[in-house]
Amino acid sequence: MMKNVVEVRDLVVVRGGREVLPGVSLDVSSGVTGLLGPSGCGKSTLMRSLVGAQRVRSGTVEVLGLPAGSAPLRTRVGYVTQAASVYDDLTVNENLGFFARVLGADRSAVDRAVDAVALGEHRHQVVGRLSGGQRNRVGLAVALLGEPDLLVLDEPTVGLDPVLRRDLWELFHGIAEAGAAVLVSSHVMDEAERCHRLLLMREGRIIADGPPEEIRSRTGAADVEEAFLRLVEGREDAA
Amino acid sequence: MSPRVTLAVAARVLTQVRRDHRTLAMLLVVPCLLISLLWWMFEELPGDPFDRFGPGLLAMFPFIVMFLVTSVTTLRERSSGTLERLLTMPLGRLDFLLGYALAFGLVATVQSALAVALGVGVLGLDVEGSVWLLGVVAVADAVLGTALGLLVSAFATTEFQAVQFMPALVLPQVLLCGLFVPRESMPGLLEAVSDVLPLSYAVDAMQELGAGADAVEVWRSVAVVACFTLAALGLGAATLRRRTP
């Protein structure tokens, strides 16, 4: 099933007088989609637009068939920013309990979310005393609470050790297999191979869109990083 | 807006306050210490100045403390990303504001009850009006402080800036509220300014109570304070944007 979960058409976003997104169009379907590009290319702005946190100048953003940010979507879309966005002075359980009440999710959702990010042992610890990676996972657990149909994750694996990164990618795939669409951004190109589909982004534009192997073969590159460079430098093989 | 979410916000804020023992102690103990200091300072002076200044100060403490605490906490909520996250969830802007007002209103109730009990019960503060009404006025003042703090936090980008709003916005109100110079004896322009400052009415209400004025007059001042509070909350809600540039 390749029904589009997200449809963006001619989206223009201006921040601080600069056109961060100059008219981007893209689709996101179910599965794990990677949004890859260097820092500052507009990934976060695009993600903020999907969750309705970004003021947009023009264009349309539809999520699950509704305008992005509309009220019915607020329980169906999970969002994690680069900041963990949790309360450092509360415990893991208290944080999740609070957000669950806001979402109207039941208490068992808290247990499921804690288990999903493997923080069971730390559930009664104050978040401020956890490591950076654990803190980020609390933030991720909050996004899982409502069992969203779309999960928007802005650089969730940055600064994590390889084992944890692998575990998180497994978690993303697990969520996707359960039927949700997962959009993950990263500026680390080697994470590309873990995605079903890639959106390569540069300076506010999508420069490639497709499964990793297709992008590699189209550009004749050995890996996605090289493919990105070839696309940027116009060395794409006319295959 | 939903009561479930409003109460969730209030309960969470109270848990955070409870967790922070030092802040909690300061919130409850400092006003009591200040009122004791005031009593001690005036003790040997003739003419019962403690009875004259005491009620006004009972209005001021909760206002100032709540203003500071709220502006810093909400700013932290904005800068840590939790506010943005909440605004992508089914949380009404009023849920957020009322949740805070409710939680800090409760803290203020305890704070004022302690300060009033100490002032009236131990230090012999003479209040002509009802002590119960004194508590109501103190809570109204605290909620006013909370509402203004919420509003102001929208205009600060760092906690350092938020603290600067205290001398900029609170101290002028303290000077002009009629505690140092009766408002009607001020130069015309200053009197007019003090007429539009909310703390003036908060202190008025307390002084009317202390002097045994008609309860109707006290309630009128409380109503003015409540109007300022609602206006600040309304403006505060307008500054909470789901979509930001």
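Predicted model: local features only at pLDDT ≥ 70, side-chain atom pairs only at ≥ 80, totals over all residues.
Mentor: Local features here require pLDDT of at least 70 and side-chain atom pairs pLDDT 80 or more, whereas totals for chains, interfaces and linings use all residues. Residues are numbered from 1 along each chain as its sequence is written, with chains lettered from A and ligands numbered from 1 in the order in which they are written.

Trainee: Why does A:Leu150 count as buried?

Mentor: The term requires 20 or more other C-beta atoms within 10 Å of the residue's own, C-beta atoms being placed from the backbone; 12 or fewer means exposed, and values in between mean partly exposed. A:Leu150 has 21 such neighbours, so it counts as buried.

Trainee: What does A:Leu150 touch, leaving aside residues up to four places away in sequence?

Mentor: Contact means that C-beta atoms, placed from the backbone, lie within 7 Å. The partners of A:Leu150 include A:Val5, A:Val63, A:Val77 and A:Ala181. The C-alpha atoms of A:Leu150 and A:Ala181 are 4.8 Å apart, although 31 residues separate the two along the chain.

Trainee: Which strand holds A:Leu150?

Mentor: A:Leu150 belongs to strand E7 of chain A. Strands (E, at least two residues) and helices (H or I, at least four) are DSSP runs, numbered from the N terminus.

Trainee: What makes E6 and E10 of chain A edge strands?

Mentor: The open sheet of chain A has six strands in the order E6-E7-E8-E3-E9-E10, with mixed pairing. Strand E6 (77-80) and strand E10 (205-210) each have a single partner strand, so one side of each lacks a neighbour in the sheet.

Trainee: Why is helix H6 of chain B described as largely enclosed by the rest of the structure?

Mentor: Of the 23 residues of H6(B), 18 are buried, which means that the helix is largely enclosed.

Trainee: How does the span of H6(B) compare with the expected value?

Mentor: The expected span is 1.5 Å times one less than the number of residues. Helix H6 (residues 131-153) of chain B has 23 residues and reaches 33 Å from its first C-alpha to its last, close to the expected 33 Å.

Technical notes
Pairing = 2+ DSSP bridges. Contact = placed C-beta atoms within 7 Å.
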